[in-house]
Every structure is written in structure tokens, then in C-alpha cells.
Amino acid sequence: MTADAGAARPARVAIAPGPDGWAGGEPDPLIRRRGGPLGAPVSRVDGGLKVRGAARFAAEVPLASMVYAALAFSTVARGRIVRLDTAAAEGAPGVVLVMTYRNAPRMTAVPALLSPAPNGAMGDELPIMQDDRIHWNGQPIAVVLGETQEQAGHAASLIEASYEAEPAVTSFEEAKRRGGEQAAYAGQPLSLQAGDAEAALSAAAVKVDAVYRTPFQNHNAIEPEAVTLAWDGDDLTVHDSTRMVSRVAWSLAQAFGLKEEQVHVSSPYVGGAFGSKTLWQHTVLAAAAARLAGRPVRMALSREGVYRVVGGRARTEQRVAIGAQADGRFDALIHTGAMAKIRRNYVPEPFISPAMCLYAAGSLKLDVRAVYLDMLANTFMRAPGESVGSFALESAIDELAERIGMDPVELRLRNEPAADPGSGKPFSSRHLAEAYRAGAERFGWASRDPRPGGRRDGEWLTGIGCATATYPHLRFPGGAARLTLSKDGQARVEVAAHEMGMGTATAQAQVTAERLGLPLEQVSVAYGESSFPGVFVAGASQQTAQIGAAVVAAHRALVAELLRLCGGDSPLAGLGVDQVGARGGGLCSLADPRRWLSYASILDGGDRDEISAEASAPPPAEAEHWSMHSFGADFCEVRVSAVTGETRVSRFLGSFDCGRVINAKTAASQLRGGIIMGLGLALMEETLIDERSGRIVNPSLAEYHVPAHADVPEIDVMWTDIPDPHAPMGAHGIGEIGITGVAAAVANAIYNATGTRVRDLPITPDKLL
Amino acid sequence: MIPFTYARPTNAEDALRQGAAAGARYLGGGTNLVDLMRQTIEQPGLLIDVTGLPGAIEETPDGGLLIGAAARNTAVAEHRAVRARYPMLARAIVAGASGQIRNMATVGGNLLQRTRCLYFYDHAGSRCNKRVPGQGCDAIEGFNRSHAILGTSPACVATHPSDMCVALAALDAVVHIRSSGGGRTVPLTDLHRLPGDHPEIETVLEPGELVTGIALPALPLAARSAYRKVRDRASYAFALVSVAAALEVEGGTVRDVRLALGGVATKPWRAWRAEEALRSRPATAENFRAAAEAEFAEARPLRDNGFKAALAVRTTTAVLEELAGG
Ligand SMILES: Cc1cc2nc3c(=O)[nH]c(=O)nc-3n(C[C@H](O)[C@H](O)[C@H](O)COP(=O)(O)OP(=O)(O)OC[C@H]3O[C@@H](n4cnc5c(N)ncnc54)[C@H](O)[C@@H]3O)c2cc1C
Ligand code: SF4
């Protein structure tokens with residue numbers, strides 16, 4: 001199919017508005033549509049702009065009389081600043097302002113991500129340059145504003161600080177020794193017990209019991225965090241690179257004691273986020289410095305700046321133990337361990353999530369402990385929990401399969417649960433077995449030789465492995481949308497949502513075109529402004545559903561408005577919202593499709609040029625009824641040099657069960673991108689934090705490795721395309737499912753190739769010698 | 001970055017005159033020096049851009065090649081004579097950095113690039129004897145997986161990161177140097193110093209001396225040579241271990257051999273001992289291995305890099321076996 005074949009074809013059969021709730025009952029009528037814009041491999045609407053460099057990112061917005069910011073960072077992990085010499089910096093050429101805790105404006109603390117207060121967006125809840133205290137090695141201690149970026153950077157390098165260091169916990173072993181606390185996610189303890197799993201494990205016929213480790217990781221989106229902002233009296237306009245426009249506006253209003261309407265956050269293009277691009281100190285500091293200097297400010301973090309200021313993935317140490325019967329059925333599943341965080345944030349690394357939903361087991365013991373370090377706050381990073389948790393769990397399954405002498409795909413399918421093992425809720429949509437079968441066939445899994453280390457191509461040992469991918473389907477509250485229809489047949493959606501490269505505007509235009517019965521070219525999606533409706537978060541793979549449900553609500557309101565415009569002589573007279581459907585650029589009676597009127601005629605009749613409706617999505621009650629997840633089966637082939645221990649991934653296939661796919665092209669990119677990031681997790685990514693100082697010592701893309709082109713093989717992706725009847729459009733978000741399972745699939749393939757089991761990521765050559 | 005002035009002389013005499021000034025530094029492609037200036041690790045007051053000086057690759061009367069210091073790394077790697085007569089050099093260069101960096105980087109700059117030690121780079125937060133003499137070395141008891149096990153001193157254990165130099169070390173290359181007082185030549189293997197007590201002094205170059213070129217002698221056995229680099233990802237990573245080797249076998253006996261190692265030593269490491277152990281010996285895998293092991297007899301592993309000796313021995317053995325076979 002070409003990129004937009006079918007895209008321009010409006011629906012010939014009338015399509016009813018979506019339901020007014022998602023808890024059960026009526027599925028989205030869009031689910032039944034095939035052959036229209038929905039699902040088509042439409043090219044992204046902003047592709048041309050980005051390729052031409054015409055899409056303006058936050059660090060590219062020019063403002064009159066703007067100055068440039070640079071940061072100086074602390075070099076101790078904990079203590080007090082006792083001397084901060086800024087004289088040389090202040091006297092350096094082009095310097096407009098040096099801001100430190102001594103002259104920074106007083107600011108109110110703003111809630112952190114996942115804090116009990118709503119709308120949290122900050123990475124942590126530490127004071128932002130308000131006192132002389134140091135909380136992590138790398139904390140900003142000064143902001144320098146200069147007439148040029150170079151002048152600001154030069155002056156920042158002239159700042160001298162001395163500290164009275166205090167004892168800090170900078171070693172993971174020490175943090176574990178101190179015990180930590182039960183980890184929680186949004187107030188819910190990350191712990192689940194069903195039966196006596198330890199007893200069942202000891203009694204089990206076959207068992208595995210091992211510890212898996214995953215390292216700290218940092219965010220390396222292609223666009224480092226940046227903000228360009230200006231004050232106009234008490235109004236603050238912020239061009240930010242964020243995936244939370246509304247929350248950033250709200251948070252900055254809190255910090256500076258403003259009304260939310262006084263802060264305007266605009267973020268039309270974001271160069272990747274993957275869990276970063278929420279709100280970190282630099283944005284608040286830029287606003288504070290701009291206020292102090294009375295000049296617009298651009299703060300574009302250097303790559304090192306991102307490592308110092310923006311958190312990454314937490315380090316984990318996980319025990320997985322499985323006790324099974326000889327036929328493979330699980331009697332006990334234990335997944336426990338520790339993750340490293342700071343005391344003053346709320347983000348855990350919930351690595352037990354896969355174990356909570358993947359397998360039926362006679363007994364369960366799942367638990368995450370938080371252990372505390374004095375370091376930069378950890379944060380979300382693509383599939384927090386699932387990516388590293390599936391490494392441990394899915395490696396253990398592979399180990400068990402070998403011990404039982406059973407095919408690992410078969411072992412997994414044997415333990416498919418009938419309902420969610422954690423909550424007991426029914427699955428809204430679970431077709432993992434189909435995904436496995438289809439994937440195994442396409443990959444050629446049947447030819448696998450289970451003996452490790454048996455196949456050689458010259459010095460290269462070859463092997464294949466598989467693992468299960470899983471990520472929840474979520475829909476956050478707060479979604480709202482405005483839908484405007486004009487007489488010339490153009491429709492426009494407005495949502496305070498985000499585009500970070502994944503194709504939001506494109507996919508939602510497809511959805512809206514289908515709902516309205518309009519050709520795709522007549523629909524546009526406006527987003528990335530805090531003034532637009534809704535509080536959206538492009539995260540947890542949920543934005544698609546959040547926007548989808550909001551657009552359904554706005555659409556229902558719009559149809560109601562349209563029907564109100566229809567006079568008594570109209571063919572639509574007397575019909576209610578659920579009695580009409582969209583077809584061919586107008587509305588018709590569902591019972592009698594000949595009763596049809598174009599949108600233009602309806603607007604004409606009501607003497608209107610355009611009509612607009614805004615509505616909020618209903619609360620996400622579906623999650624109370626259903627266990628909602630995406631699933632996938634990852635298959636990997638590796639070659640490992642018997643001489644050097646170097647691993648080359650030679651083939652990868654991801655077969656997904658992720659609901660109805662809205663755009664086959666952008667979906668494939670998302671899934672492939674997730675898999676590539678998973679290869680990095682498996683083989684190379686690692687933040688080196690020196691345990692003597694708590695300092696990150698590889699804050700650069702030269703020393704922190706993400707996959708290069710040569711590391712990425714041809715990646716095949718496929719999907720069941722089975723809609724989830726309880727999700728808007730039948731679709732699941734797919735931003736994160738791709739990375740899950742990958743590290744285990746690679747580790748399992750490496751084991752199959754070499755006979756060496758590596759339980760410690762990343763799997764570098766030295767671990768395979 | 002600290003403010004500096006910039007000059008672009010068109011001949012060596014002008015460059016040398018300007019280079020005599022205090023705080024002056026020669027600038028090649030800038031791929032290393034400018035990075036270090038951004039970090040304020042290097043703070044030259046005057047940059048003398050020497051990319052306008054000769055960069056041609058020419059035949060020499062003795063049947064070798066003379067490569068101008070301003071030659072871009074890419075140009076050397078693509079040169080026909082280099083590829084035909086010194087294939088290990090072409091391979092070493094393309095195994096390094098990225099296409100973009102190699103297009104900018106000069107031969108002179110590649111020779112004199114500085115270490116990638118993490119603590120050397122952390123100007124603000126770490127101690128480093130190479131950066132600040134006498135300050136101490138945070139690598140010795142810190143992250144030292146990428147560090148050296150040969151040629152180290154209690155003051156510094158950083159590797160010389162160049163791939164190109166490893167091949168040059170194996171090829172008996174000679175560095176041409178000029179100063180205001182005249183010219184001299186230094187074998188590449190003598191250009192870089194061991195760190196000893198003064199890791200901040202990295203080469204035998206005197207202040208203001210200019211590298212003008214590199215001479216490759218005629219070396220027929222190099223036509224059959226290889227460069228193999230082991231790294232943490234398939235491209236764009238510095239070597240954990242690298243091996244440059246040329247081997248001539250006659251009737252099952254090693255007639256001649258050139259062997260140099262990267263990633264394991266504080267300078268491009270010519271494996272003299274291993275070569276010695278190989279000449280006139282049967283070209284067998286056991287002998288290759290034993291020779292490589294001999295080279296590491298005095299290796300001093302650190303916390304994280306103990307694997308390097310074994311990895312280097314295995315890689316060397318494999319490279320020599322490949323050169324000996326088929
Ligand atoms: C991300 C990254 C990855 C890299 N990966 C690799 C790798 O895998 N393998 C590898 O080998 N290299 C690698 N490099 C290093 C690269 O090879 C060097 O940066 C490059 O060769 C330096 O050459 P240049 O001309 O740019 O030197 P410059 O940066 O211009 O200069 C370097 C030094 O040489 C001096 N100098 C330059 N010319 C002369 C001269 N004629 N006489 C006297 N002194 C001179 C300068 O004063 C300076 O001290 C990498 C670099 C980067 C940034
Ligand atoms: S190893 Fe050398 S370069 Fe690295 S910190 Fe120590 S002295 Fe500095």
C-alpha cells in the first residue's frame with residue numbers, strides 16, 4: 001500500500017459517534033472500520049517541515065533582546081556551599097547576570113511527578129537554588145546569562161565554589177545495607193503476595209532462582225532539553241521542550257505565585273523524550289533568571305547539562321525465582337528486589353509489573369524496595385519497570401525452560417493466565433498466544449536448536465532467543481478537546497497534547513477524519529499549547545487513548561450542536577446524537593441513511609461559518625473493570641565472536657498484540673525505535689556514577705553508548721491488529737511496548753549461542769570471554 | 001570556552017614563527033582540541049590553523065610514502081597506495097571515530113590527540129595528574145575499564161586512544177618534525193612518552209615544534225596486514241583492544257612480523273617482545289598465543305580492566321592465525 005492510499009477515501013457507510021464512556025457496553029464504532037484513513041500507513045504531517053529544518057524547536061525560537069544561559073554545577077554529592085566566587089564571571093565579557101542562591105527570586109516549591117498533589121511535573125521536590133544546600137553531585141549552583149552562548153559558557157567556567165561536604169550515600173551496596181523502604185507507585189505499595197510462594201518454591205519439582213542487575217541509565221534524546229522564555233509584566237511565555245505543557249504552565253505559576261492563565265507554554269515540536277522532558281530545574285531557573293535580568297532567556301542544556309540536571313533510569317537488583325511442575329506449570333513466582341532513588345521524589349522503577357500480569361502461578365511474591373542514594377533524582381525512562389523487569393523475568397523463564405527441557409515459547413503459553421493474576425480482573429484484550437504463533441512462524445523459531453553453544457559460522461557462535469513484551473494500556477484523567485468544523489469542510493482539533501516524533505498529529509487526524517466522515521486532508525490537529533483544552537501527558541503510552549477519548553467527547557458535543565442547528569424541515573430533524581452517523585462529509589440517520597445532510601448545509605441552515613464544541617473525556621472507569629495491557633513476542637538472533645566476546649544482533653522480530661493500529665507507518669517506527677533502544681539496554685547503555693563522589697563521569701555521547709547504525713539489524717515488526725473493545729479506537733498506545741522484552745530476548749539468544757548466561761546488563765564483550 | 005585568537009598561516013615558516021608565542025597551539029581538524037577547549041581543559045590563547053600546510057601523500061625515493069601532516073584521515077584511508085601497500089593503516093583509520101570526524105581530522109592531530117580517560121575530561125569534578133600535574137589520579141581506583149595495563153605508572157594509567165597510531169607503530173613510521181631551528185625525525189614508537197611521573201608531558205615534541213608529515217618506509221610484508229579492533233559497539237567506539245599486524249610466513253616459519261596493540265597501553269604499543277618471540281619460529285597458533293602472552297608478562301591490571309590481557313592475547317592470536325592462513 002502506498003503511504004496514503006485509502007487515506008482520502010471518506011467513509012461510505014455511516015459511522016456513529018463513539019460511546020460516552022469506556023467502562024463496558026458499546027465499543028467504539030471506529031473499531032469496525034477498515035479500508036479508510038484509520039490504520040493506513042499515512043506519512044507524518046510534519047515530516048516535510050522536519051526534513052527541511054523548518055519545524056522550530058524550543059532552542060530555535062528567536063526573541064528580541066534575548067540572552068543565553070549557562071549553568072555551573074556542584075561537584076560534591078551532599079553538603080553546603082561555603083564559598084561561591086562569582087566576581088570573575090560577573091566581570092567577564094558579555095555577562096548580563098550571574099544568579100545563585102544568594103540573589104535568585106524566592107520561589108514556592110512545586111509538586112513533583114507522581115506526588116500526592118495533582119499536576120506534579122518536577123523531577124523532584126528539592127528547593128531550586130533557594131539555599132546553600134547541595135543534594136546531588138551536579139546540582140546547578142549558578143546560572144549565567146550572557147549576550148552570546150559562548151560568553152555565558154565562558155563566564156560559567158570562571159565560577160569557583162567550595163563546599164563543606166557532608167557524608168553522602170553514593171554506593172548502591174551502602175544504600176541496600178541501610179535497608180530503604182517499600183517502594184510505591186502513586187501511593188500504591190509495589191508489593192503483591194498470593195499464597196506462600198517461598199514454601200511453594202522449596203517444594204517445587206523444578207526451580208530457578210537468580211539475581212539480575214540493571215544499571216543507571218541516562219536520557220539521550222536527540223534534542224537536549226531547552227527552553228526559550230520571556231516575561232511581559234506578570235505574564236510568562238515559555239517555548240519549552242516538554243511533554244506536559246499544561247502541567248508545566250501550572251507548575252511555573254505555582255513557583256512564581258501567578259495565576260495559571262498568566263503562564264503560556266508552547267511546545268509544538270519535541271525532539272524525543274522517552275520519559276524525560278517533564279519539568280526539571282533548568283526551566284524554572286531560566287524563568288527566574290529572566291525575571292531577575294528583565295530579559296528573555298534561552299536555556300539550552302548541553303549534553304553534559306542533561307546528564308547533570310535531568311534524571312534517568314534507576315539502577316535495579318532483582319531476584320527472580322520460579323518453582324514449576326515437571327510439565328512447566330508454575331507453582332511459585334517470586335520477583336523481588338531493590339531500585340535506587342532519592343528520598344524526595346516519587347518515581348519508582350516498578351520492575352514487577354510484567355510479573356503482575358504475564359503468568360498464572362500457584363503463588364506469587366512480588367515486591368520492590370526503594371533504597372536511597374544522594375544523587376540526581378531518577379525518573380521515567382521508556383517502559384519504566386517493564387523494560388528492566390522483563391529482562392529479569394523473561395531471562396528466568398528461559399533458564400527454567402532449559403532446566404525443564406521445554407521449548408521456551410511453549411513454557412510461556414502453558415502458563416497463560418485466564419484473568420489478571422494480580423487483580424483477578426478479566427483482560428480487556430489478550431492475544432499473546434496469537435502473537436507468539438505468528439511471530440514464531442515468521443521468524444523460523446521451529447528450527448531452533450536448544451543446545452547452547454552448538455552452532456558456529458567461522459569464529460561466530462550463533463543463537464536465537466525469545467521473550468515476552470508487555471506494557472499496560474492506560475488512560476489518564478484530564479483529557480479534553482475542542483473540535484471546530486467550518487463551512488468549507490475543514491475540521492480542526494485542539495488539544496493541549498504533544499508531538500515528540502511519534503506522529504500524534506498524524507494519527508489523530510486520521511481518527512478524526514474517520515469519525516467525521518471527512519477526507520484526511522480536511523482535518524488538522526493543533527496541539528502543544530497550554531491554552532488548548534485538557535491536561536495531557538505524553539507518557540505511559542497513554543496519550544493516544546487520552547486524546548482519542550477527548551475527541552470522542554468533543555465530537556458528541558459537536559454533533560449535538562449540529563443537530564440543534566437543524567430546523568424542523570431538515571432531514572435530520574428530531575434525531576439525537578446516538579441516532580445519527582457521519583458519512584460523506586455530513587450526517588445521516590443511522591436507521592435511514594438516505595436522511596443525510598452535509599455539514600456545509602447544516603452550518604448554512606444555521607447561518608454559521610463554523611461551529612465549535614469542547615468537551616472533557618469521561619473518567620477512565622474502564623481500568624476498574626478490566627486488566628488492560630499490550631503484549632508482544634520478541635525473537636532475536638545473535639552472533640557472538642568466540643574470540644572477542646563481541647555480540648552482533650543479526651535479526652530481530654517483534655510480533656505485537658497492541659490493539660488496533662492507527663497508522664501502520666508511524667506505528668512500525670515506534671515499535672522499531674523501542675526495539676533499538678532495547679538493544680542499547682541489552683548491550684551498551686550504562687551511566688557510570690563514581691561511587692566515591694556520586695558523580696556521573698561519562699556525561700557524553702562519546703562515552704555513553706547508544707546503538708550506532710552498525711549495531712541495528714533489519715528489524716521486522718508485525719501485529720495482530722485485534723482491537724481492544726474497551727479502548728478508544730480499539731487502540732493501545734505503542735510508545736513503550738517495543739523496548740520491553742528486548743534485553744531478555746538478546747540475553748536468551750546469547751545464551752543459546754554461547755552457553756553463557758549474563759544476568760548483569762549491559763552485556764559487554766568482557767562478560768562473554 | 002576561553003576567548004582566543006586565530007591564525008591561518010600558509011607556510012610552515014609562518015606557522016613556526018607564530019607557534020613560538022606563549023599559549024599558542026596548532027590546530028588541525030579541531031575534533032579533539034576544540035572539544036577540550038569547550039571543556040576548558042585546553043586553554044590556548046592563540047590557535048594556529050595548520051590545515052593549509054601540505055597534506056599531500058607522495059611517493060618517497062626509498063619506495064615508501066610521505067603523508068603531509070594536514071592530510072585528512074579520510075584521504076589517507078582512501079588512498080590507493082595506502083590501501084594496497086599498507087592495508088592495516090587504511091583499516092585502522094576507518095575503524096576510528098565516525099565518517100564526519102575522519103573527514104575533519106588531520107594526520108598531525110590524530111597523532112597528538114589526547115586520552116579519553118573519563119576523569120581527564122571531568123575538569124570540574126575529578127582529579128587528574130595529566131590535566132593538573134600533582135593533583136592525583138581518580139582513575140586508578142575509579143572506573144578504569146577503558147584504561148591501560150601496559151606502560152602505566154602510579155601517576156597515570158590512561159590509554160592513548162588513536163587507532164591510526166597503532167598501525168603506524170607497527171609500520172615503522174617516522175614522524176617529520178620542524179622547529180625554528182630546523183627539522184628532525186623521530187620514529188613513531190618514540191614520539192609518545194610513557195607517563196612516568198609526568199603524564200602531562202605526552203610526547204617528545206618541544207613547545208612550538210610542528211609535525212609536518214609521516215614517512216612510511218617500504219615494507220613489503222605490510223601488503224599482507226590487518227587491523228582488528230574490539231569495542232563495545234559495532235562502530236563509533238574507542239578500542240577495548242586493537243591489534244595491528246603484518247606477517248610473513250615462509251615454509252611454515254615466521255620470517256618477519258610487525259605487531260602493535262591499541263587500547264591496552266599508555267602509548268601506541270609496539271609489541272617488540274612478541275615480535276621477538278615469533279621471528280624464525282613455526283607459525284602455529286600456540287606460538288602466536290605464547291608470543292602475545294609474553295607481551296603481557298608485566299601487565300598491571302586495575303579494578304575493571306583485568307579482561308584486557310586475555311582479550312588482547314585472543315585477538316592477537318586470531319589475527320595472526322588469519323594472516324598465516326589462506
Ligand atoms: C566522538 C569521537 C569519537 C572518536 N573515536 C575515535 C576512535 O574510535 N579512534 C580514534 O583513533 N580516534 C577517535 N577519535 C579521535 C579523532 O581521531 C581525533 O579527534 C582526531 O584524529 C584529531 O585530529 P584533528 O586534526 O581534529 O586534531 P585537533 O583536534 O585539531 O588537534 C589535536 C592535537 O594535535 C595538535 N596538532 C594538530 N596538528 C598538529 C601539527 N601539525 N603539529 C603539531 N601539533 C598538531 C593540536 O595542537 C592538538 O593538541 C574520536 C573523536 C571523537 C570526537
Ligand atoms: S589515568 Fe591519567 S588521565 Fe586519567 S585521571 Fe589518571 S592521571 Fe588523569
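**Figure 1. The domains of chain A.** Chain A is divided into domain 1 (6-35 + 475-619), domain 2 (58-167 + 222-272 + 277-309) and domain 3 (383-391 + 406-474 + 624-768), with bounds that come from an automatic or database domain assignment. Before we zoom in, please note that this is a predicted model, in which local features need pLDDT of at least 70 and side-chain atom pairs count only at pLDDT 80 or more, while totals for chains, interfaces and linings use all residues. Residues are numbered from 1 along each chain as its sequence is written, chains are lettered from A and ligands numbered from 1 in the order in which they are written, and side-chain values use heavy atoms, with hydrogens and water left out.

**Figure 2. Where domain 1 meets domain 2 in chain A.** The C-alpha centres of these two domains of chain A lie 40 Å apart. Their contact (heavy atoms within 4.5 Å) takes 15 residues from domain 1 of chain A and 18 residues from domain 2 of chain A. About 1,200 Å² is buried between the two domains, and carbon and sulfur atoms give 52% of that area; buried area here is the accessible area (1.4 Å probe) that two parts lose on being put together, summed over both. On the side of domain 1 of chain A, look for A:H498, A:M500 and A:S530, which lose the most area to domain 2 of chain A, together 40% of what that side buries. Zero salt bridges are counted between domain 1 and domain 2 of chain A, a salt bridge being a side-chain nitrogen of Lys or Arg within 4 Å of a carboxyl oxygen of Asp or Glu. The count of residue pairs in polar contact between these domains of chain A is 11 (both at pLDDT 80 or more). A polar contact is a pair of N or O atoms within 3.5 Å; within protein, one must be able to donate a hydrogen and the other to accept it, and residues adjacent in sequence count only if both atoms are side-chain atoms. By class, the side of domain 1 of chain A that touches domain 2 of chain A has seven nonpolar, six polar and two charged residues. For these classes, Ala, Val, Leu, Ile, Met, Phe, Trp, Tyr, Cys and Pro count as nonpolar, Asp, Glu, Lys and Arg as charged, and the others, Gly among them, as polar.

**Figure 3. The interface of chains A and B.** Here 34 residues of chain A are in contact with 34 residues of chain B. The area buried between the two chains is about 2,700 Å², with carbon and sulfur atoms giving 56%. In chain A, A:R692, A:V697 and A:L769 lose the most area to chain B, together 19% of what that side buries. Four salt bridges are counted between chain A and chain B; A:D766 forms a salt bridge with B:R145, and the closest N and O atoms of this pair are 2.8 Å apart. The rule also finds 10 residue pairs in polar contact across this interface (both at pLDDT 80 or more). In chain A, α3 (149-157), α8 (303-309) and β30 (689-690) each supply at least two residues of the side that touches chain B. Of the elements of chain A, α3(A) gives the most to this side, with three residues. Helices (H or I, at least four residues) and strands (E, at least two) are DSSP runs, numbered from the N terminus.

**Figure 4. The site of ligand 1.** Residues from chains A and B surround ligand 1, so the site is shared between chains. Of the 34 residues around ligand 1, B:R25, B:Y26, B:G29, B:T31 and B:L33 come nearest; a residue is near a molecule or strand if one of its heavy atoms lies within 4 Å of it. A polar backbone atom of B:Y26 is 2.4 Å from an oxygen atom of ligand 1. A backbone N or O atom of B:V211 lies 3.0 Å from a nitrogen atom of ligand 1.

**Figure 5. The shell around ligand 2.** Among the 14 residues around ligand 2, B:C117, B:C128, B:C137, B:C156 and B:V157 come nearest. The shell divides into 10 nonpolar, two polar and two charged residues.

Figure 6. The peptide bond from A:L761 to A:P762 is cis, with omega near -5°, and A:P762 sits in the segment after α18 (742-754) of chain A. A:S541 has a positive phi, near 55°, and lies in the loop between β23 (523-526) and α14 (543-565) of chain A. A:E164 forms a salt bridge with A:R80, with the closest N and O atoms 3.4 Å apart. This pair links distant parts of the chain, 84 residues apart: A:E164 is in strand β6 (residues 160-165) of chain A and A:R80 in strand β2 (residues 79-85) of chain A.
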